[in-house]
Amino acid sequence: SSAPDVGLVRGVVRDGDRPRSGAAVTVLDAQGGVVTSTRSDAHGHYELPRVPAGDYTILVPGYPPLVIRTRISFEQGRTLTLDLDDERVAESAHDG
């Protein structure tokens, strides 16, 4: 396929409608190994460069902790915008 297999994942970590600053964002593969990690900035923004496409679990510890299972792919260019919040947790939990 012509879709790039490595790209940038970025977005905002939120507590409700407030950005969560200094949040650790960790991407785990299917075996539970750490693929990459970063921290959100003062505005809740995070960036994870060079993430391979695939199925992952994204962890953000805290209260509440966010555990988001998602498929990462880069059909629309090399950047995926993925905001991390309670709504996405709820949405991914009903994914099957």
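## Around Thr 57

Which residues does Thr 57 touch, not counting those up to four places away in sequence? In this predicted model, the list is Thr 26, Val 27, Leu 28, Val 67, Ile 68 and Arg 69. Thr 57 itself is found in strand β7. With a relative accessible area of 18%, Thr 57 is buried, because the cut-off for that label is under 20%.

Thr 26, one of those contacts, lies in strand β4. Thr 26 also comes out as buried, again with a relative accessible area of 18%. Leaving out residues up to four places away in sequence, Thr 26 touches Val 34, Thr 36, Ser 37, Thr 57, Ile 58 and Leu 59. There is a C-alpha separation to mention here too: Thr 26 and Val 60 are 34 residues apart along the chain, yet their C-alpha atoms are separated by 6.6 Å.

β4 (residues 24-28) and β7 (residues 54-60) run antiparallel and are joined by 3 bridges. Within that pairing, Val 27 has Ile 58 of β7 as its bridge partner.

On to β8 (residues 66-72): this strand also runs antiparallel to β7, with 7 bridges joining the two. Val 60 is partnered with Leu 66 in β8. The hairpin of β7 and β8 has 5 residues between the strands, and Gly 62 takes a positive phi near 135° there.

## The β6-β1-β9 sheet

There is also an open sheet of 3 strands, in the order β6-β1-β9 and with mixed pairing. β6 and β9 (79-81) stand at its edges with a single partner strand each, so one side of each has no neighbour in the sheet. On average, neighbouring strands here are turned by 20° against each other, direction ignored.

β1 (residues 6-12) runs antiparallel to β6, and 6 bridges join them. Val 9 stands opposite Leu 48 in β6.

## The nonpolar core

Val 9 turns up again in the largest nonpolar core, which has 17 residues. The residues with the most contacts inside this core are Val 9, Val 13, Val 25, Tyr 46 and Leu 84. The elements giving two or more residues to the core are β4, β6 (45-52), β7 and β8. As background, nonpolar side chains tend to be buried together in soluble globular proteins.

What is Val 9 in contact with, leaving aside its neighbours within four places in sequence? The set is Tyr 46, Glu 47, Leu 48, Val 51, Ile 72, Phe 74, Leu 80 and Leu 82.

## Salt bridges

The count comes to 4 salt bridges. In one of them, the side chains of Arg 14 and Asp 83 meet at 3.4 Å, N to O. That pair links distant parts of the chain: Arg 14 is in strand β2 (residues 14-15), while Asp 83 is in the loop between β9 and α1 (86-93), 69 residues apart. Arg 14 is partly exposed at 26% relative accessibility, and Asp 83 is partly exposed at 23%.

Asp 85 forms a salt bridge with Arg 14 as well, with the closest N and O atoms 3.8 Å apart. Here too the pair links distant parts of the chain, with Asp 85 in the loop between β9 and α1 and Arg 14 in β2, 71 residues apart. Asp 85 counts as buried, at 12% relative accessibility. Another salt bridge brings together the side chains of Asp 15 and Arg 20 (2.5 Å, N to O). Asp 15 is partly exposed at 23%, whereas Arg 20 is buried at 8%. Through shared partners, salt bridges join Arg 14, Asp 83 and Asp 85 into one network.

Notes: Residues numbered from 1 in each chain as written. Predicted model: local features only at pLDDT ≥ 70, side-chain atom pairs only at ≥ 80, totals over all residues. Heavy atoms only, no water. Pairing = 2+ DSSP bridges. Helix = DSSP H or I, 4+ residues; strand = E, 2+ residues; numbered from the N terminus. Core = buried A, V, L, I, M, F, W, Y, C linked by side-chain atoms within 4.5 Å. Buried < 20%, exposed > 50% of the residue type's maximum accessible area, 1.4 Å probe, protein only. Contact = heavy atoms within 4.5 Å. Axes fitted to C-alpha atoms, helices over the stretch in contact; angles between N-to-C directions.
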